[in-house]
Amino acid sequence: FIKTGQSKRVLVVGAETFSRILDWKDRGTCVLFGDGAGAVVLEAQSQMGTREDRGILATRIRSDGRFEELLYVDGGPGSTKTTGLLRMNGREVFRHAVQKISGVIEETLVTTGYAPGEIDLYVPHQANKRILDGIAKKLGIPPGKVVITLAKHGNTSAASVPLALNQAFEDHRIREGSLVLMEAMGGGFTWGAVLARW
């Protein structure tokens, strides 16, 4: 909307209430996910068109429905007329997450000409620590540049990136000019990355 000129300022909201769709007998999911909400305001501003521009520099988003059975909700108003419950094959989600997220991050960086070592802060979807460590290791991102809020919020899915971004801002880890890499992966599968200069 901003790029096409339809909007000058937008509020991007990520919110989840997993407590409504968790199977409390499934210890493979109920201990991982949490409720949360976060938001970011984006505003159109003229830039020079150089590597030093501020704002969103590049985005990539992908989806592949062939992996639906690995992470999904087994109901919904349109199918079962129920809320449904979250279902996940954790081992397979882990395997695909590291591969797919690393790939989309690399695509995003290639678009801008930046290398992983030039990233000031990596703000990932807070899926689980092993996934975050695996992606950072594969890309060569030092642990000190990775924002991890899992112990505080759990996996709040769509809310996890704005919550982690806010935590990094409050901790003064993000400053004007910081190069920030964000990524997320969700059910079905969908996954993507954003590179922005604060």
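View 1. Helices (H or I, at least four residues) and strands (E, at least two) are DSSP runs, numbered from the N terminus, and two strands pair if DSSP finds at least two bridges between them. The model is predicted, so local features need pLDDT of at least 70 and side-chain atom pairs count only at pLDDT 80 or more, whereas totals for chains, interfaces and linings use all residues. Residues are numbered from 1 along each chain as its sequence is written, and side-chain values use heavy atoms, with hydrogens and water left out. Strand β7 is mostly covered, as seven of its eight residues are buried, where buried means under 20% relative accessible area, exposed over 50% and partly exposed in between, with a 1.4 Å probe and protein chains only.

**View 2. The open sheet.** Four strands form an open sheet with mixed pairing, in the order β3-β8-β7-β6. Its edge strands, each of which pairs on one side only, are β3 (55-63) and β6 (121-124). From one strand to the next the twist averages 15°. Strands of a sheet pair through backbone hydrogen bonds, either parallel or antiparallel.

**View 3. The hairpin of β7 and β8.** Eight bridges join β7 to β8, and these strands run antiparallel; E183 has A193 in β8 as its bridge partner. The hairpin has three residues between the strands, and G188 takes a positive phi near 110° there. The peptide bond from G188 to F189 is cis, with omega near -5°, and F189 lies in the loop between β7 and β8.

**View 4. Helix α1 on the sheet and against α2.** Helix α1 lies across β3, β6, β7 and β8 (190-197), and runs at about 35° to β8. Two packed helices are described by the angle between their axes and the distance between the axes. Helix α1 (residues 90-112) and helix α2 (residues 129-139) pack at an angle of about 40°, with their axes 9 Å apart. That angle makes α1 oblique to α2, since angles under 35 degrees count as roughly parallel, over 145 as roughly antiparallel, 65 to 115 as roughly perpendicular and the rest as oblique. Axes are lines fitted to C-alpha atoms, for helices over the stretch in contact, and angles run from 0 to 180 degrees between N-to-C directions. Contact means heavy atoms within 4.5 Å, and the residues that make it include F94, A97 and V98 of α1 and R130, I131 and G134 of α2.

**View 5. Q126 in its loop.** Q126 is found in the loop between β6 and α2, and it is buried, with a relative accessible area of 0%. Leaving aside residues up to four places away in sequence, Q126 touches several residues, among them L132, V147, I148, N155 and A164.

**View 6. Two positive phi values outside glycine.** K81, although not a glycine, has a positive phi of about 60°, and its place is in the loop between β4 (71-73) and β5 (86-88). At 70% relative accessibility, K81 counts as exposed. S157 is likewise not a glycine and has a positive phi of about 50°; S157 is found in the loop between α3 (150-153) and α4 (160-170).
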